[in-house]
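Q: Hi! Could you walk me through this model, starting with how it splits into domains?

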Amino acid sequence: MPRQNETALIIGAGLQGCSIALFLARAGWNVTLLDKNVAGRHASSVNAGGLRTLMRDWREYPLSELAMEHWRHLDRLIGAKAAESCEVRLGVGQIAVALDEAEMSWTLGRVQEMERRGLGAEELLSATEVRKMLPGLTDQALGGLVSRGDGHANPAASTRAFRQAAMAAGAKIVENCRVLGLERLPGGGWSITASSGQYEAGVLVNCAGAWGAEVAAMAGQTLPLKVVAPSMIVTARTQPFLEPVVIGIDRPLSFKQSAVGSLVIGGGILGKPCADHDTSFTVMDRMPEGAAATLEAFPALAHVPVLRTWTGLEGATPDGIPVIGPGDGTPDLWHVFGFCGHGFQLSPAVGDVVGRSLVSGTVDPLLAPFSGRRFNAGDAA
Amino acid sequence: MTINAPLPDADVIIIGCGPAGMTAAVELAEAGRSVIVLDMQPTPGGQIFRNLEANLCDTSLAGQSLLAALGPAYRAGADLIQRFKACSSIDYRPQTTVWEVRPDGTVGWLQGMNAGYVRGRQVLLAHGAMERPVPFPGWTLPGVMTAGAVQTLLKAGHLKPRGNIVLAGTGPLLLLLANQLHQLGVKPALVGRTDRLSDNVRAARHLRPDGLIPLVKGLGWLGRLKLAGVKSVTGLENLAAHGAQSVESVSFTVGGKRRTLPCDLLIVHDGIVPAIDIPNAAGLRLQWDGPNASWRPATTPDGLGASTLPPEMSAEPCVLRITGDARKIGGADAAMAHGRVAAQAILAALDHGAGPSAEALRAVGKALSVRPFLDAAFPPGLAQALPDDDTIVCRCEELTAGDLRAKIRSGFRNMDALRGETRCGMGPCQGRSCMVTAARLLQDETRAADCPPTFRGRPPIRPIPLGAVAALSGLDPRATIRLTLEDKPENASEDTVDAPAE
């Protein structure tokens, strides 16, 4: 393999970028991450920290299972002390609740499909079982689906831990460095013009998150991405009553009780993105839906005070799964973005598999569903 | 199909029903404008004229002596409250908490378990001031209260404190309260002032003829306290409250000597500062006021705020004005004078009229002319020195100054990063009581020339029950178009975010 292939520039020092940097640097590559803000400033640090295989898209499932292996043994990947700082809580479980017939019938279908594919991580719960596992759940619940091994971690701390592990492995991070232009070098490799100077490497990895399509466009490649601002509601502290993470099926419901007792309510309600200003705004007009879904499931929470809301910037693809793979005709330019709000859990596997693919020079079959080429045929606008 | 912006509910929404808010409301209503007034309290009056109507009607002996103790400055609000209540065209909504204000004039309100939005073509923020937060050792013990809180209990709760009472701090309110307590038969054990005679003397050069009346009033309070034999010290430093379950004693340094006194109630006051939670969350520009160690909104003389939000989040022109103590600390007279100016400016914005009259603007200048003297005579005292490492700064999350300093040193060098890392400012107070101290610690640790900007404010700035959020009324139909990230796998075709980027 030519020497130039053993240098990589990664645009975006978020969790995915740092995870890839970690694996590449461990393989002996010379890795530099460029970030227009500070490492982990956006979605990586401000997501809800869910570690979930439950209700994963089938195309993501194998990658998600590999990621779960890494989360389970995070100490082996980044060291015991760093792993502890990530506050990984696996085994508390994630539960999808079925609140009407349609959701229940989807649940039954999911379990059958799971068996057909030979996957066994999600178990069907009866109405009695789901109510026993979730005190305060409405009598209206017909059943549910549990993935007992799932849980959550601290996203900001995890992002920091991966960044430090990548740096310890030899990766360099340049912050406050905005990419202004990309140029493919004759004979392979890339040159980047950035606000803080000129950079060159054999391989370029676009981990620019919500700005991923913008970076791809600098290389003349069009990938569909919508910038969104998923938002969350946080309540005052309440008595601990809930260990598992609860998610909805057709309802915008997703919530957990944090270690300090506050309820963190998500459910994919979107705020207003202002990507050009590196910021986003919560829109309270859209919060009633998430609050109502939470109360439909847990009516006793009506008087719990909402203290604050937060939001962050994320990229969403048209089909709900990320783009991970080389660009069209550019084996030395990879795109890794568009995680649609569920990339946190995948990140160690993304670093592992992307790193392995770049080192070996062959795209790992696990990444087959994520090729950006899937948007070329027909249906792309 | 285009969805139109919701129609305004009123020409003007006024937030706060104190001297400034009431004055503006009356002025606007008398000019034929529709006005909605939102206020947290059950009756009009704000902090200064709190519960005045009911207290005026109380003919009992206790009621009369309370009125006498609260003095003529309290009774002076009666006329304004009467005029306010006589305006039948004012839609007055008491016991209503505001939890969001947007640059386009949208105001989020909460009343009991009901919440929603109302919209004004113009909005006037007249939400007043707050007492300067003062973290010192023991400040979170039961039995430590602020002067404002004690006044609230006097005026609305008709409660009088008992036992060994120590007042500590600075500012006119501290002396006023000491007098009021004395008149009610409660003799404080000590009035400990952080200001020094030298401050007072130096301040004299700021005296203007219009400031003489407040000065005479202040000297009167001091004289009466002295006559009554209330012990008083100046130059108090290093205040601390001690006790197991509640305050049992206080200690402090005066003239280099440490003193300890038994104490059942420690009343502290370090001056008042503009309440910035609403303007901050509305994205209005704030400026740091060094001598007063506080932020205040940057406004034009008629109170117009300036948006710092990206263009797609701002309204053009800005329809938010700020008046009264929320804009600049000046007390009730200055608030009434500026409330009139703001109302005239709003009439001009609605009608393209003439704007504030020279006479109204002059009245503001006159009422504010005593401020330079008061600011110099009563500089921030209790909060002047930054708290030591063991003192709690964020009482919601129980974080000490040492906790914050350690995180700042380890690299969390802006307010939002510090909040995200430590949870400082994430509790029910949403930063109201810790933000200024956190900012000053950050400035000190980073040796920055200026105090850093505030935490980013997001709605809701006051707690709203989850049930009220679920049933919010008055939503903007343009904002509620369903946008969610779908996680349900087989439903990819139903995704509502599947519009490809252009």
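**Domains and cores**

A: Happy to! Chain A is divided into domain 1 (3–82 + 155–223 + 318–375) and domain 2 (94–148 + 230–311), with bounds that come from an automatic or database domain assignment. This is a predicted model, where local features need pLDDT of at least 70, side-chain atom pairs count only at pLDDT 80 or more, and totals for chains, interfaces and linings use all residues. Residues are numbered from 1 along each chain as its sequence is written, while chains are lettered from A and ligands numbered from 1 in the order in which they are written.

Q: How many residues of domain 1 of chain A are in contact with domain 2 of chain A?

A: 12 residues of domain 1 of chain A are in contact with 17 residues of domain 2 of chain A; contact means C-beta atoms, placed from the backbone, within 7 Å. The C-alpha centres of these two domains of chain A are 29 Å apart.

Q: And what about chain B, which domains does it have?

A: Its assignment gives domain 1 (10–130 + 273–375), domain 2 (144–270) and domain 3 (386–464). Between domain 2 of chain B and domain 3 of chain B, the C-alpha centres are 28 Å apart.

Q: Switching to packing: which residues have the most contacts inside the largest nonpolar core?

A: Those are A:Ala21, B:Ala25 and B:Leu266, in a core of 237 residues. Such a core is a set of buried Ala, Val, Leu, Ile, Met, Phe, Trp, Tyr and Cys residues joined through C-beta atoms within 7 Å; buried means 20 or more other C-beta atoms within 10 Å of the residue's own, with C-beta atoms placed from the backbone. Helix 10 (residues 331–351) of chain B gives the largest share of this core, 11 residues; helices are DSSP runs of H or I, at least four residues, and strands are E runs of at least two, numbered from the N terminus.

Q: What does B:Leu266 touch?

A: Leaving out residues up to four places away in sequence, B:Leu266 touches B:Gly143, B:Val144, B:Val166, B:Ala168, B:Ala241, B:Val247 and B:Val250.

Q: Back to chain A, how many helices and strands?

A: Chain A has 11 helices and 24 strands, and buried residues make up 57% of its 381 residues.

Q: What box do the C-alpha atoms of chain A fill?

A: Roughly 65 × 45 × 45 Å, taken along the principal axes.

Conventions:
A residue is buried if 20 or more other C-beta atoms lie within 10 Å of its own, exposed if 12 or fewer, and partly exposed in between; C-beta atoms are placed from the backbone. Two residues are in contact if their C-beta atoms, placed from the backbone, lie within 7 Å.
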